Amino acid sequence: MDKKYGVYICTGCGIGDVLDTEGLCGVPKEEGIGVKTHPFLCGKEGVELLKKDIADDGINTLIIAGCSRRVNFDVFNFAGCIVDRVNLREQVVWSHPRSEFPALTEEQKDDGEHFDRLQMLAEDYIKMGMAKVEKIDLPEPSMLETISKRILVIGGGITGISAAIDAAKAGYDVTIVEKEASLGGNAAKIRKQLPNEDPFESLIPPIIEAKIKEAEAYSGIEVKTNSIVARIAGQPGEFTVTLKKPGEATEFDVPYPLPDEMKVDENGKELDVEKLIEVYNEYNKGKKDILTLDPDGELFGAVILAAGWRPDKLEGKAFTHLGFGKLPDVVTNYQFEEIAAKGKITRPSDGNEAKSVVFIQSPGKGDDDSDFDYTGSVTSLVALKQAQYVREDYPEGKAYIFYQHMRTPGLQENFYKSIQQDEGIFLTKGDVISVAKNGDGLIVEADNTLLGEKIQVKADMVVLAAGMVPATVDDPVINLAYRQGPGFRDNAIFNEYADSNFICFPYETQRTGIYAAGCIRRSMTIEESIEDATGAALKAIQCIESVNRGVAVHPRSGDMTFPDFFFQRCTQCKRCTEECPFGALDDDEKGTPKPNPTRCRRCGTCMGACPERIIGFADYNIDSIGSMVKAIGVPSEDDYSEPPLRFLGLVCENDAYPALDIAGMNKLTYSADVRFIPVRCLGSVNVIWIKDALSQGMDGIFLLGCKHGDDYQCHFVKGSELADIRMKKIGEALTSLALEEERVAQFQVAIDEYDKIPEIVNTFVEMVEKLGPNPFKGF
Amino acid sequence: MADKCLVEPNLEFIKEVVGLGGDTLKKCFQCATCSVVCPIAPDNKPFPRKEMIAASWGLKDKLVGSMDIWLCHNCGDCTTMCPRGAKPGDVLGAIRSYAISEYAVPKFIGKAVNDPKKLPVLLGLPVVIFLVLGFITGLLDFTPGGDKIVHSNFFSSWLVDMIFVPLAAWAVVVFGIGLKRFVNDMHENAVLEGKTDKKKLEIGGLIRGLFSVIPTILKHSKFSECDENKERATAHLMVFYSFIGLFIVTNIFFVVLYVFQIHGPYSQMNPVKWLANVSGIALIIGSALMIKNRMGKTDQVTSYKDWYLLILVLGLGATGMLTEMTRLAGIAGLSYALYFIHLMFVFHLFIFLPFSKLAHLVYRTVAMAYGEYGNR
C-alpha cells in the first residue's frame, strides 16, 4: 500500500496547556509530513476533520497524538487506514506536572545547558509513532481452505450432554464421545442431587436422565459410546479426529514426544538430529507421524473437553492417622455415595446400620489446614448432602461434619442453612487428629474446634472428603497430534486443572480450539457444570466463527494478524516450536516449523524467541519496534553540558500499559526520561531491541510485565517468565561488553498495582544514574 | 478410651430448648458477633457464642450447669446484631428455662408450669385447696357481716397463714435442693472450662461473693449496660423493688399480727401502708411496662412461660390494689371476690416460684455471686 501520512495532534485534555504545540508540529514538518492540530479531536468536528483528510487528501496512515490507545479506539477507527495512537495525555502531560518538570524560560532556550524534559518526551513519542507506521502494514486475514463447523464433545456426563444441547440449540452439529457404554457419567451414580433452583433448600432427584432424554431429541447431536479419541490432528476449523474403542491400538494413536532422558546417549551427551529421529521413530513405532492426517478421520471445527473427573482414591497418601485403608468403616465420600445409592447406609465392615457418621473435610496435619487435593465448594456441599442421607435413613441418626473450610457459594448458602436446621447434624471447624477403633465402632478426635477444646465423637462410619481428580491428570485425553505433545503442557501451573490463566479466561485451555468445561477445570457441582457447559459451548462457537473469518479467537479477539515466517533464513533451531505456549507450530523432520495459524493466539512469543528474527506480524514486528527504539533521541554531551539519561521501558500491553495509564489518570508522577513501548507480551520481546537500545547509547532498559509465580496473570500462560529467562541470558552478554548487568531489568506489576509504577520507574532510574551514563553514548 | 472430652449430642435436649423459645438456635454459624457486642460478657471465654454451639450440638451438661447462662441479662444486643437471625438472647433464655426445670424437683411440676394445657388444672388447684381447707376448718365465711369490710372475716388470716406459711417453706426447700446441685455443677463446669481460678468450692467465699454482688443487683447496674433493651431496666427495676417492698410489708404485718396481736385493715396513715401502696402501684406499672415492651418487640420471642409470669405479676398487683380500693369504696361483694382471686395469684407465686421463670431471682443471684467469688 502506498502510504500517505498525516500527523494529528489533539491539544485538548490539558495537552496544549502543557506542551509547546508548535514544537510538536515541528517534528513531522521536519520530515515533510503534514500536521494538523485540533482542540477536541475525538469530538464530532475533530473526527470530521480526519475523515475529510482521508477522503480528500488520500491520507491513509494517521498518527494521532492525544489520548491513550486504550480509549477512543472506536472513534479513531477508519477502514483501510493504518492508525497509530501517540499517548501524550496519560503518559506525558497527566503524569508529568509542569511544577516538577518546568518549561524553559526565553533565556534558557538553546543555551546548551537547559532542556525541557517533558517536551523531549512528547516529541520522542511522536517520532516513535512516525517510525512505527512506516514499518507496518494493514493485516490481511489468513483463511483456511475448508472449515468444519461441527463440534466434538469429549465426555458424555452432565457437562458434555449440557454443552451438546447448548451447541445444538445454537444450530451446530455436535458429536459426543463417551468412553463408557452409556451416557451419564458420575452424575448417574448418585442417590440425590444438590438443589439446582430457587429456593436452593432441599435435595432433588438426579436430573441426568432428563438431560439425556433432552439431548436425544436433537437431531444435530450424535452420540458415540464406547469410544475415545485416538488423535486430534490439524488445527481449529479443520481438526481431523480419529476415534477408537477404549484399549484398542491403532496406527493413528497419537505419537508421544521423546522424554528428556531419551534425548541423550549413555554419557549424557545430546543425540544428533538423525539419531534423535531414529530413537523417536522407535519410541513411537506403529504410529503415524503427527503431520500425517487420517484419511478416514472426521472433521471438526472445535472441541469441548468435558472429560470430567474420577474420585481421588487417597491411596498411598499420608492419611493413616485417619485410619484410611486400615479401618474398613473409614471410606471416601465417593464410596459413601455408592453405598447410599444402593439403599440404607450400612457399614462396610459388618453391614450394620451406620447411625452416627463423621464427615472429615480436611486431613488436618500439623499447621496445614488445607482440604484434600482437588476439592472445593462441591466437597463441602456433598458433605452436607450426605449428612442429610444419614438423617433420612435414621430418625435418631447423627451426622458430624468437621471442616477447615465450609464453602457454600451463591444461593447454595440456603442449602447450608437448611441442613444446619436439622437437629441431628452437627458442624464444627476443627483439626482432626485421629480416627481410631473404639470397641465395635470408631472414635474421632479433633482439636481447636468451635466447642473450644479437644473433643471426641463416637462414630459408626467416617467419611473423608476426597477430591475430584480431573481426567487429564491420568491421561492426555485430547491426544493432540501436536509436536509439543498430546496433552496440555503447563497444567502444573494451574494445580493440574485444564486452564490457562489463574483469574481470567474460563474455558480457555492452553490449546486454541479446545474448551474445557466442568470438573476438568475445577471441582464443580452439577448445577455449576451445566452453567460451565454453556460457557464452553459459546467459546467453541466463537472459535469456529472467528476461524472462518481468519481472525484470532482469544485473547486478542478479532486480531487479523498472524505470524509470518521468512523460511529461507530459518536455521531449524526449533526454539519457536518449543517456546510457543499454545503448541501452534509443528516442525517437520528437518525441524522447519509448520505454522498452524488458527491454533495461534498472536502473542508473538515465537517472534521473541527467534534468533534469526524471521518471524513477524503485519503490524508488529522486529523492524517496527526496532525502528521505534531507534527513533528515540539520545542526547549526548555534544547537545548539553549535562545531558539527561535515556531509558527504554518495554511494557506488556495487557497489564503494565493499562497500569501506566491508570497511574497517569491518578496524576502519579515518574521520571520523564523513560520512553515506553507497548508489546503484545513480554514473551514477544526479542533481545535485538535491547541490544539496539544499548548500542544507541541508552542508559537503562527495563521490561514491565505481569506477575508470575503462584498467581500467574500472563495472558499467554507464561510470557513474562520466558522473558525473565531471556533477560538473565542477556545479562551475561552485557558483562562481556563491560556494561553493568543492572542496566537491563525486569519488573512485575499487576493491572491494579498502578500505585507502584512511580516507585518501580524512579528506583530503576536512580539506580542507573548512580552507575553513570552508558559508555557507548555518542559513538 | 472415651474420656471427658467425649461429646454426645442429646437430640431431646435440642428439641426441648427449641420448644422453650430457642427455635432459632440452629441458625448460628459461629461468627461470634454476639460475644463481641455483648456489653456484659467477660473477656475470658465470653458468652453467648460458645453457648450457641453447645446448644446446637445438644450438649446439655455443658449448659444447664453453666454460670454464664445466668450472667446473661437478656439485653438482646446479640439478637439484634446477629447476622443470621439466630437470636442468642432468646436461646439463652430458653436454656435458662430448661435449667430451672432441671434443678427444681419434683420435675413434673416444672413441666406443668411450662405447659399451657395444664393451666386450667394449675388455676383450679388453689381454688380447691382454699375451699376444701376453708370448709374443713370453717375459716372461710361466705357471708361475712359487719358494716366494715374486713377481709379476714371472709378469708380468715389463720386460713391464709395455714396455707401460705408452708408454701413459703416449700419454695425454700425446693430452691435449697436445686441450688445444692446447681452450685456444684456450676463449679465443676467452671473448672472444666477454665472460667474460674478456684480449684475447690468454699461456701464461705461464695457467701462473701453474694454480699459483694448485692449492690450490683440493687442498682441493676449490669442490666443498664445493655443497649438494645435499656427501657426494660426501668420496668424490671420497678417490679424488683415493689417485690422487695411487698416482702417487707408482708413480714411487718406478720409480726404485727402474731406479736402485737393487731388485726388489719390498717390505717392509710400508717407508713407501712404507704410502702404497701407505693409497691403495689409500682408492681402494676412495672409489669404493664414489661408487657408493653414485649408487645413492641416483634423480633423477640415471647413464649408461654413469659406470658404466664407477666400476667401473674400484673394480676398480683392489680387484684391486690383493686381489693383495697373496693374495700375503701365499700363494695363488699366485689372486694371479697377480688381478694379471693388475689390469693390465687399469691398461691401461684409461692408454689411455682422455684419452677417458673421467676426462679431466676435465685439462680442468677447465686451465679453472679459465684462469678464474683470465682473471679469470672
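This is a predicted model: local features need pLDDT of at least 70, side-chain atom pairs count only at pLDDT 80 or more; totals for chains, interfaces and linings use all residues.

## Start at a strand pair

Select S18(A) and strand S19 (residues 455-459) of chain A: the two pair in the antiparallel sense, with five bridges between them.

S17 and S18(A) run antiparallel and are joined by seven bridges. Click on A:Ser434 and you can find its bridge partner in S18(A), A:Glu445. Then look at the turn: the hairpin of S17(A) and S18(A) has two residues between the strands, and A:Gly439 there takes a positive phi near 60 degrees.

## Zoom out to chain A

How much of the chain is buried? Of its 779 residues, 57% count as buried. Among contacts between residues at least 6 apart in sequence, 71% join residues at least 24 apart.

- domain 1: 1-138
- domain 2: 151-250 + 290-310 + 471-547
- domain 3: 255-288
- domain 4: 313-466
- domain 5: 564-616
- domain 6: 620-779

If you'd like a distance to go with the colours, take domain 1 and domain 4 of chain A: their centres, taken over C-alpha atoms, are separated by 67 Å.

## An open sheet

Now select strands S7, S6, S5, S11 and S22 of chain A. In that order they make an open sheet of five strands, with parallel pairing. Which strands sit at the edges? They are strand S7 (221-224) and S22 of chain A, each pairing on one side only. Going from one strand to the next, the twist averages 20 degrees.

Zoom in on strand S11 (residues 302-305) of chain A. S11 pairs with S22(A) in the parallel sense, over three bridges. Across from A:Val303 you'll spot A:Ile514 in S22(A).

## Charged pairs

Side chains of opposite charge can pair when their charged atoms come close. Searching the whole structure, over all chains, turns up 73 salt bridges. Here are a few to click on.

Begin with A:Glu508 and A:Lys539, a salt bridge whose closest N and O atoms are 2.8 Å apart. A:Glu508 lies in the loop between strand S21 (468-470) and strand S22 (514-516) of chain A, while A:Lys539 lies in helix H12 (residues 526-547), so the pair ties together parts that are 31 residues apart in sequence. Both A:Glu508 and A:Lys539 are buried.

Move on to A:Arg521 and A:Asp532. They form a salt bridge too, with the closest N and O atoms 2.8 Å apart. This pair links A:Arg521 in the loop between S22 and H12 of chain A to A:Asp532 in helix H12, 11 residues apart. A:Arg521 is buried at a relative accessible area of 11%, and A:Asp532 counts as buried at 5%.

Then hop over to chain B. Here B:Lys118 forms a salt bridge with B:Asp115, the closest N and O atoms being 3.7 Å apart. Buried or partly exposed? B:Lys118 is partly exposed, with a relative accessible area of 38%. While you're in chain B, select B:Lys50, B:Glu51, B:Lys62, B:Asp68, B:Glu193, B:Lys195 and B:Arg376: salt bridges link them in a network.

## Into the nonpolar cores

For the last stop, show side chains. The largest nonpolar core has 149 residues, and the ones touching the most other members are A:Phe336, A:Phe359, A:Phe402, A:Val462, B:Trp57 and B:Phe155. Helix H11 (residues 157-192) of chain B gives the largest share of this core, 12 residues.

Centre the view on A:Phe359. Leaving aside neighbours within four places in sequence, its contacts include A:Phe336, A:Ala383, A:Val390, A:Tyr400 and A:Phe402.

Finally, there's a second, separate core of 87 residues; among its members are A:Ile63, A:Cys606, A:Tyr620 and A:Leu694.

Key: Residues are numbered from 1 along each chain as its sequence is written. Chains are lettered from A and ligands numbered from 1 in the order in which they are written. Side-chain values use heavy atoms; hydrogens and water are left out. A salt bridge is a side-chain nitrogen of Lys or Arg within 4 Å of a carboxyl oxygen of Asp or Glu. Helices (H or I, at least four residues) and strands (E, at least two) are DSSP runs, numbered from the N terminus. Buried means under 20% relative accessible area, exposed over 50%, partly exposed in between (1.4 Å probe, protein chains only). A nonpolar core is a set of buried Ala, Val, Leu, Ile, Met, Phe, Trp, Tyr and Cys residues joined through side-chain atoms within 4.5 Å. Contact means heavy atoms within 4.5 Å. Two strands pair if DSSP finds at least two bridges between them. Axes are lines fitted to C-alpha atoms, for helices over the stretch in contact, and angles run from 0 to 180 degrees between N-to-C directions. Domain bounds come from an automatic or database domain assignment.
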